[in-house]
Amino acid sequence: MKVGDIAPDFTLPREDGTMLCLYDQLSRGPVVLFFYPKAMTSGCTAESCHFRDLSKEFAKHGAIRIGISADRVEKQRQFSEKHDFDYPLVSDSNRQVAQAYEVKRPGPLFNRRVTFVIGTDQKIAGVISSELNMDKHADEALKIVASLTS
């Protein structure tokens with residue numbers, strides 16, 4: 001997936017068991033969809049907490065943050081409760097959405113760490129990829145969101 005592509009829609013279960021549809025979220029504002037490899041690991045915790053800590057900045061631009069991994073709903077719930085996340089975590093346990101966004105690694109390997117900024121027009125406005133710099137995802141996504149709403 002690259003800038004300008006139409007973001008594939010999906011409906012997946014949230015950490016609280018309710019269903020979340022991407023395109024429904026886009027009716028409220030731009031979406032920052034961040035794929036992370038595995039809940040409760042050090043890198044994914046650092047990345048997800050940074051997205052949480054920038055809550056006010058994302059809200060200022062009307063952006064909706066959504067975390068996504070192959071973890072099951074229960075693990076997403078535990079992860080969210082442990083770190084007091086103020087945004088949904090969705091469970092892509094069969095990794096079909098990861099495949100659609102081209103972040104699925106082969107076999108049992110965890111998905112790649114990639115963030116997509118999606119405009120209200122359903123087009124991808126930014127792609128951030130870094131396996132090692134956990135702050136880069138939220139920091140760069142915020143810059144892209146700011147450029148969309150200014």
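Guide: A crossing is right-handed if the near helix is turned clockwise from the far one by less than a right angle, and left-handed if anticlockwise. Keep in mind that this is a predicted model. Here the crossing of H2 and H6 is right-handed.

Visitor: What makes H2 roughly parallel to H6?
Guide: Helix H2 (residues 42-53) and helix H6 (residues 134-149) pack at an angle of about 25°, their axes 8 Å apart. Angles under 35 degrees count as roughly parallel, so H2 is roughly parallel to H6.

Visitor: Which residues of H2 and H6 make the contact?
Guide: H2 brings Gly-43, Ala-46, Glu-47, His-50 and Phe-51, while H6 brings Met-134, Asp-135, His-137, Ala-138 and Asp-139. They divide into four nonpolar, three polar and three charged.

Visitor: Why is Phe-85 called buried?
Guide: Buried means under 20% relative accessible area. Phe-85 has 9% relative accessibility, so Phe-85 counts as buried. Phe-85 sits in the loop between helix H4 (73-83) and strand E5 (89-91). Beyond its neighbours within four places in sequence, its contacts are Ser-48, Cys-49, Arg-52, Phe-79 and Ser-80. Asp-53 is 32 residues away from Phe-85 in sequence, yet 9.0 Å away in space, C-alpha to C-alpha.

Visitor: How do you know that Ser-91 is buried?
Guide: With a relative accessible area of 5%, Ser-91 falls under the 20% limit and is therefore buried. Ser-91 belongs to strand E5, and its side chain reaches the backbone oxygen of Asp-71 at 2.6 Å. Not counting residues up to four places away in sequence, Ser-91 touches residues including Leu-12, Pro-13, Ser-69 and Gln-76.

Methods. Residues numbered from 1 in each chain as written. Predicted model: local features only at pLDDT ≥ 70, side-chain atom pairs only at ≥ 80, totals over all residues. Heavy atoms only, no water. Helix = DSSP H or I, 4+ residues; strand = E, 2+ residues; numbered from the N terminus. Buried < 20%, exposed > 50% of the residue type's maximum accessible area, 1.4 Å probe, protein only. Contact = heavy atoms within 4.5 Å. Polar contact = N/O pair within 3.5 Å; in protein donor to acceptor, adjacent residues only side chain to side chain. Axes fitted to C-alpha atoms, helices over the stretch in contact; angles between N-to-C directions. Parallel < 35°, antiparallel > 145°, perpendicular 65-115°, else oblique. Nonpolar A, V, L, I, M, F, W, Y, C, P; charged D, E, K, R; others polar.
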